[in-house]
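Hi,

Here is the structure I promised to pass on.

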Amino acid sequence: MAVTAEEGVLGSDAPLFVLPGVDGGRHALADLAGERGTVVAFICNHCPYVVAVIDRLVRDARDLAPLGVATIAICSNDARAYPDDSFENMKTFAERHGFTFPYLHDENQDVARAFGAVCTPDLFGYDGGLKLRYRGRIDASRREPGSADLRRDLFEAMREVAKSGRGPAEQFSSMGCSIKWRDGH
């Protein structure tokens, strides 16, 4: 289990990338970014922490889109060691959960390293200029989904970013399974 650390990264620029998506296309951050903000979510298909919140991420992405906030999901896990996270299984996972946003494959793990991602889920919320304003959790759920009335930390943070360009003063770290790095990382 890993907990993200947000110190020292707020205000930093989003690392640029181009990655293949489950839709068969190649996608650049610059083309996917929202006018008022962008969520970059490092997830995978098998982690119980992701499984517990994936439908909430889909809900938040849907609710943030009209505010000008785009959502992008990226899987960086080593699929050779964790076949549940293969590109083919990513397609099935996205379809099963009704993703309305790109699900991208970071096979060589360079994008996860550039972002400093450490766990799944690990969430990065950027303003319209792609400056980091939020690094935190979707809500207080852990390995099991929390109650339906949990505060929507990601949604509220990104609504504030879309409105003011600033993230919340109080941010709660994500918790999840560590990214499954290839040998040598």
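**Salt bridges**

Arginine 80 and aspartate 78 form a salt bridge, with their closest N and O atoms 3.6 Å apart (the term covers a side-chain nitrogen of Lys or Arg within 4 Å of a carboxyl oxygen of Asp or Glu). Arginine 80 is exposed at 64% relative accessible area, while aspartate 78 is buried at 9% (buried is under 20%, exposed over 50%, partly exposed in between, using a 1.4 Å probe and protein chains only).

Before you read on: this is a predicted model, where local features need pLDDT of at least 70, side-chain atom pairs count only at pLDDT 80 or more, and totals for chains, interfaces and linings use all residues. Residues are numbered from 1 along each chain as its sequence is written, and side-chain values use heavy atoms, leaving out hydrogens and water.

Searching the whole structure turns up 15 salt bridges. In one of them, arginine 56 meets aspartate 139 at 2.7 Å, N to O. That pair links distant parts of the chain, 83 residues apart: arginine 56 sits in helix H2 (residues 48–64), aspartate 139 in the loop between S9 and helix H5 (153–164) (helices, H or I with at least four residues, and strands, E with at least two, are DSSP runs numbered from the N terminus). Both arginine 56 and aspartate 139 are buried.

Glutamate 107 also has a partner, arginine 182, with the closest N and O atoms 4.0 Å apart. Here glutamate 107 is exposed at 52% and arginine 182 partly exposed at 25%.

There's a network of salt bridges too, linking Arg59, Asp60, Arg62, Asp63 and Arg152.

Cheers
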